Amino acid sequence: MKQRYVYVLAALLTVVGLSVFLYKWQVLGFPLGADQERPVWTIESAVHFDSGPGTIKVQLHVPTLTPGFSVLNQYNVSRGYGFSLNYGSGGREAQWTIRRADGAQTVYYRISVYEDAGVDESDTIPPFPPRPVINEPLNTAVDVLVADVRERSADTSSFATELLRRLNDPSPDPNVELLLSGVASETEFVGIATTLLAAARIPARVVHGLPLSGRQRSAALVPWLEVHDGDQWLYFNPATGEQALPERFFVWWRGSEPLVSVEGGSNVRVDFAVQQTHLDAIAIAETQAAQQDSSAFDFSLYSLPIRTQAVYAVLLMIPIGALVMVVMRNIVGIDAFGTFMPVLIALAFRETKLVWGVILFTLLVALGLSIRFLLERLRLLLVPRLSAVLIVVVLLMLFISLTSHRLGMETGLSVALFPMVIIAMTIERMSVVWEERGAADAIRAGLGSLVIAVGAYIFMGIAAVEHLVFTFPELLLVVLALVVLAGRYTGYRLTELKRFKALGNG
Amino acid sequence: MFAVAKKLREAGVLGLNERNSEFIMRLNPRSLYPRVDDKVLTKQLALDAGMPVPDLYGVITNQGEVSTFPDIVTNRESFVIKPAQGSGGDGIIVVTGRSQRKRDCYRLSSGMIVSEGEILYHLSNIVGGQYSLSGNPDKALIEYCVRFDPVFADVSYQGVPDVRVVVYRGYPAMAMVRLPTRASDGKANLHQGAVGAGIDMGTGRTLNGVLDDEVVEDHPDTGALVAGLEIPHWTFILESSAKGYEVTGLGYLGVDMVIDRDRGPLILEMNARPGLNIQIANGVGLTDRISRIDAIYNASASPGERAAVARREFQL
């Protein structure tokens, strides 16, 4: 009966711990490993213009839907301007307004994004576009070209590819030549392509974006062709007809409207600058959790002050040490002084480092033990004697620190990090065992404590474990489940196999 | 490794983890521990139940009373000092006599002579809690020193051999006799180096011994054969141990008795966490006997009936 409760409790703890862990890892993107960084691009658009005499209103298209990227943050920099974000026909527009301004003006809009394959084009399905009104003789040219391309294509995507191939033909037929006669820029070229697609009743639009790569002082927007095949938006390279997006193509805005419009200003120019930085994956997950309104971060250790974080980084490793302790004592069966003394010693080893920790600990206990035997001769009462041992331990620590400092060994200073009360108790317990059961027993249990402390130290020092426990403290529930299960372990201890060996053979 | 574990499992050997979780935690409620952890209380309970115990000469309950020790033992040649809440035999001093020349010097069972000052210091350590399970202040008992029955003369080195019976739910399940050695400093505790010899429950005759987890045939100091000794008053010993269940209420209990040459078996102490070496001493595991007792358990059986059942069931 009790056994079943234990299993249920352990299963419950494991499920809760693991599901919170999986949620934070998979959904919120908390990193599994330490020191994980993700590239973050900061794109800054600067609108330069000369102010006119009257009121000024600047409207700039800014990113709305960004397939392949998640937005980390965005902000505008503009002195004295009123700022608002509005939804226009082509997506979001940033708007700056001011009653009066003098001379050359610059307003900035800055956005930070990181790659996120989970974000895709979540646009609505567009209606079939109306047939555009085109004047003769262009109309005939459009009709002939569309009919011709339709002949040679099977579906929307092959239609678009064939159309772009025709438009890019180095020796174009007369119709294409006529259509492209007035085209001055690549944007206008893609505009013609959308018109032709509209004539074939295929929804299409120009998409303007920045292929992100490293650091770019001035990046140029690249126009791309977006065609809807009834199910999804397809991207075509307007120069080749190839169906693909440039690598890390960050969509800035869609449509054929101008990027920026300035009322009351002249000499308008927009510059884009791209800066790649690396940001801690934790910080990104934090922002994302905040955007998703998840409380996971409100209860995360990363929201604590740094000093407190440092304390918990150590405290959270104690359960790992306790688990090692449970395994060593109940499953392996090693004798030790005290229940948690080895774990506390292991904590001290973290500061002194292993070799010095073991040397200093042994030295301290050995010296303390000799002093304790001297005190024994004085026949002090128990509590005064324990206090005397405590004081001697403090003095010994001081002595070791001073001596090692004199000798130029700074490691000796770290002896002060040992929990001296624990050491004093160890000395006392060890001396009692020494007298009662002999040196062999005392040294065996002392060595046992040291072995467990070293084992706990090794496990508590694994950086990956430390990071996991700190980032996902809910994993401690799994540790708790393991400890609870070990609490109902009724099998033999490893040392008992040897102890009862004679019975197994009989 | 797993093969060894499997073999032990088949032999019915009880491990520490299983003993702790299946028997001690299930059958021995914590609230009953004081009955066995405080030897003064145990002695009183045993007396009330009509069980024979060594006479209590005096109890020292605080530091101030330590100085009354000489008065307590003024007319005694031999006595035993033990902490009321000691464990594993720690802190026990057996005084077998006094120095010829100076009456305030005592001869220990080891033959060593100690001064009264050293005894007083030991007493104040006991009272201070050095040997108590939790480190709390403790009491020191001064009681009758058992003169053991000559049956054990050849197989013990100083000290007092005692009989340990493990009682499961009131039924004696397994027994052994613990023989002091030079290494155990006259103490009858196996982990201090005493020899444990299993006992045939049916006849009360000793089997081979165990020393430090190894099976031995003869006593390491005297060289006498350990096996084949007949324990006197065997029926009475089993009945008294069975009665220990009524006295303490503990379902998994170790009863330690000494056999005095004049007064017969006396209850020395009882233990809520009896060790598992008794299995090695008897060469059998406890698990089979425990499940046998579970099968024949009868809540209304008297201690005498239970002891009789144990003799019948567990005869070799």
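Which residues in helix 8 of chain A meet which residues in helix 13 of chain A? Keep in mind that this is a predicted model. From helix 8 of chain A we have A:Ile320, A:Gly321, A:Val324, A:Met325 and A:Met328. They meet A:Ile452, A:Gly455, A:Ala456, A:Phe459 and A:Met460 in helix 13 of chain A. Sort the residues of that contact and you get eight nonpolar, two polar and no charged.

Now the geometry. Helix 8 of chain A covers residues 318-332, and helix 13 of chain A covers residues 439-460. They pack at an angle of about 140°, with their axes 9 Å apart. Angles over 145 degrees would count as roughly antiparallel. These two helices are therefore oblique to each other. Their crossing is right-handed.

Next, a single residue. A:Val77 sits in strand 3 of chain A, residues 69-77. Is A:Val77 partly exposed or buried? Partly exposed, because A:Val77 has 13 C-beta neighbours inside 10 Å. Beyond its neighbours within four places in sequence, A:Val77 is in contact with A:Tyr108 and A:Arg110. Look at A:Tyr109 as well. A:Val77 and A:Tyr109 are 32 residues apart in sequence, yet 6.3 Å apart in space, C-alpha to C-alpha.

Last, the two chains. Their contact takes 27 residues from chain B and 23 residues from chain A. On the chain B side, helices 1, 2, 6 and 8 of chain B each give two or more residues. Helix 2 of chain B gives the most, with five residues. The chain B side divides into 10 nonpolar, 12 polar and five charged.

That's the tour. Over to you.

Conventions: Residues are numbered from 1 along each chain as its sequence is written. Chains are lettered from A and ligands numbered from 1 in the order in which they are written. This is a predicted model: local features need pLDDT of at least 70, side-chain atom pairs count only at pLDDT 80 or more; totals for chains, interfaces and linings use all residues. Helices (H or I, at least four residues) and strands (E, at least two) are DSSP runs, numbered from the N terminus. A residue is buried if 20 or more other C-beta atoms lie within 10 Å of its own, exposed if 12 or fewer, and partly exposed in between; C-beta atoms are placed from the backbone. Two residues are in contact if their C-beta atoms, placed from the backbone, lie within 7 Å. Ala, Val, Leu, Ile, Met, Phe, Trp, Tyr, Cys and Pro count as nonpolar, Asp, Glu, Lys and Arg as charged, and the others, Gly among them, as polar. Axes are lines fitted to C-alpha atoms, for helices over the stretch in contact, and angles run from 0 to 180 degrees between N-to-C directions. Angles under 35 degrees count as roughly parallel, over 145 as roughly antiparallel, 65 to 115 as roughly perpendicular and the rest as oblique. A crossing is left-handed if the near helix is turned anticlockwise from the far one by less than a right angle, and right-handed if clockwise.
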